[in-house]
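Subject: Structure for you to look over

Dear colleague,

I am handing over the structure below, and my notes on it follow. Please read them with the coordinates open beside you.

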Amino acid sequence: MPYIDLNSDVGESFGNWTMGDDAAIFTSVSSANVACGFHAGDPSVIAQTCRDAVAASVTIGAHVGYRDLAGFGRRFLDCSPTELADDVLYQLGALEALTRAAGSTIKYVKPHGALYNTIVHHEAHAQAVIDAIRAFGSDLPVLLLPGSVALAKAEAAGLRPVAEAFADRNYNPDGTLVSRREANAVLHDPAQVTANMVRLATEGTIVAVDGSVIKTNAESICVHGDTAGAVAMAAAVRSGLENAGVGIKSFA
């Protein structure tokens, strides 16, 4: 049986402000990208998310981002590579402490939002992220878009590069994500999304926004937890994959 990982961004609530339904998402996914406090999440939210992930046997990864709590990490920050590397290392250390207290450890790293999209092409920031992961010392796999600069740098540094696809996002013909500034950036039809992800898992292709077909070798599928109907979407994708003979298992 072929297998693929399902991951979701979690731990993004802050104080009295709630984002997503993490406990419900954990019934569908195999990996949890846990916010580390710089783009979202506070210590108590992150700690509880780690405990819930461990209880659900979901693998924990670090969802590191730019230091941009007000902008939810979706704005590029023109910081120096040294500052960015320090910020990423700080986030890894904080999440590892809370993950250990919950009875587990960080198993991979997935950059968030603007940082994720920036290091598809940005050489200096991509190197800073990889340098921080190497400094952390656990040789963690790095989850990013196929063909990104950061994935190539991860492999060169001896880290495992893991390519992912996005279930609920539209793609440009070059394999990058349609900007969230565009009205058609996010897909909302569970049937369409499920069909797309079954095609990805069984044929290795994604249909871009212009109808062209993109070849991809993704090992993981992201089902966002913060969009409308996210829980039902994640359940539909998992059910569709399993019905197509594809098992769900963390890559880590």
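At what angle do α5 and α6 pack, and how far apart are their axes? Please keep in mind throughout that this is a predicted model. In this model α5 and α6 pack at an angle of about 45°, and their axes are 9 Å apart. The two helices are therefore oblique to each other, and α5 passes α6 in a right-handed crossing. On the α5 side the contact is made by E123, A126, Q127 and I130, and on the α6 side by V149, A150, K153 and A154. Sorted by class, this contact of α5 with α6 has five nonpolar residues, one polar residue and two charged residues.

Helix α6 itself covers residues 149–156, and V149, A150, L151, K153 and A154 are buried in it. The cover over these buried residues includes α5 (123–136), β5 (142–144) and β6. After α6 comes G158, with a positive phi near 90°.

Helix α5 also packs against α3, at an angle of about 40° and with the axes 8 Å apart. Here again the helices are oblique to each other, and α3 passes α5 in a right-handed crossing. From α3 the contact draws on P81, L84, A85, V88, L89, L92, G93 and E96, while α5 supplies A124, H125, A128, V129, A132, I133, A135 and F136. The residues of this contact of α3 with α5 divide into 13 nonpolar, two polar and one charged.

The other helix pair I looked at is α2 (residues 43–55) with α3 (residues 81–101), which pack at an angle of about 50° with their axes 8 Å apart. That angle makes α2 oblique to α3, and α2 passes α3 in a right-handed crossing. In this pair P43, I46, A47 and C50 of α2 meet L95, L98 and T99 of α3. By class, the contact of α2 with α3 has six nonpolar residues, one polar residue and no charged residues.

One further residue of α2 deserves a look: T49 is found in this helix, and it is buried, with a relative accessible area of 4%. Leaving out residues up to four places away in sequence, T49 touches V10, G11, D22, F26 and V34.

Turning to the strands, which way do the side chains of β3 point, and are they buried or exposed? T59, G61 and H63 point one way from the strand and I60 and A62 the other way, and all are buried. With five of the five residues of β3 (residues 59–63) buried, the strand is largely enclosed by the rest of the structure. Strand β2 (residues 31–35) runs parallel to β3 and is joined to it by five bridges, with A32 standing opposite I60.

Most residues other than glycine have a negative phi. F72, although not a glycine, has a positive phi of about 55°; this residue lies in the loop between β3 and α3 and, at 11% relative accessibility, counts as buried. D139 is likewise not a glycine and has a positive phi, of about 50°; D139 is found in the loop between α5 and β5, where it is partly exposed, with a relative accessible area of 44%.

Which residues does V186 contact, once its neighbours within four places in sequence are left aside? They are D168, R169, R180 and T227. V186 is buried, with a relative accessible area of 18%, a value that falls under the 20% cut-off for burial.

With best wishes

Note on methods. Residues numbered from 1 in each chain as written. Predicted model: local features only at pLDDT ≥ 70, side-chain atom pairs only at ≥ 80, totals over all residues. Heavy atoms only, no water. Axes fitted to C-alpha atoms, helices over the stretch in contact; angles between N-to-C directions. Helix = DSSP H or I, 4+ residues; strand = E, 2+ residues; numbered from the N terminus. Parallel < 35°, antiparallel > 145°, perpendicular 65-115°, else oblique. Left-handed = near helix turned anticlockwise from the far one by under 90°. Contact = heavy atoms within 4.5 Å. Nonpolar A, V, L, I, M, F, W, Y, C, P; charged D, E, K, R; others polar. Buried < 20%, exposed > 50% of the residue type's maximum accessible area, 1.4 Å probe, protein only. Pairing = 2+ DSSP bridges.
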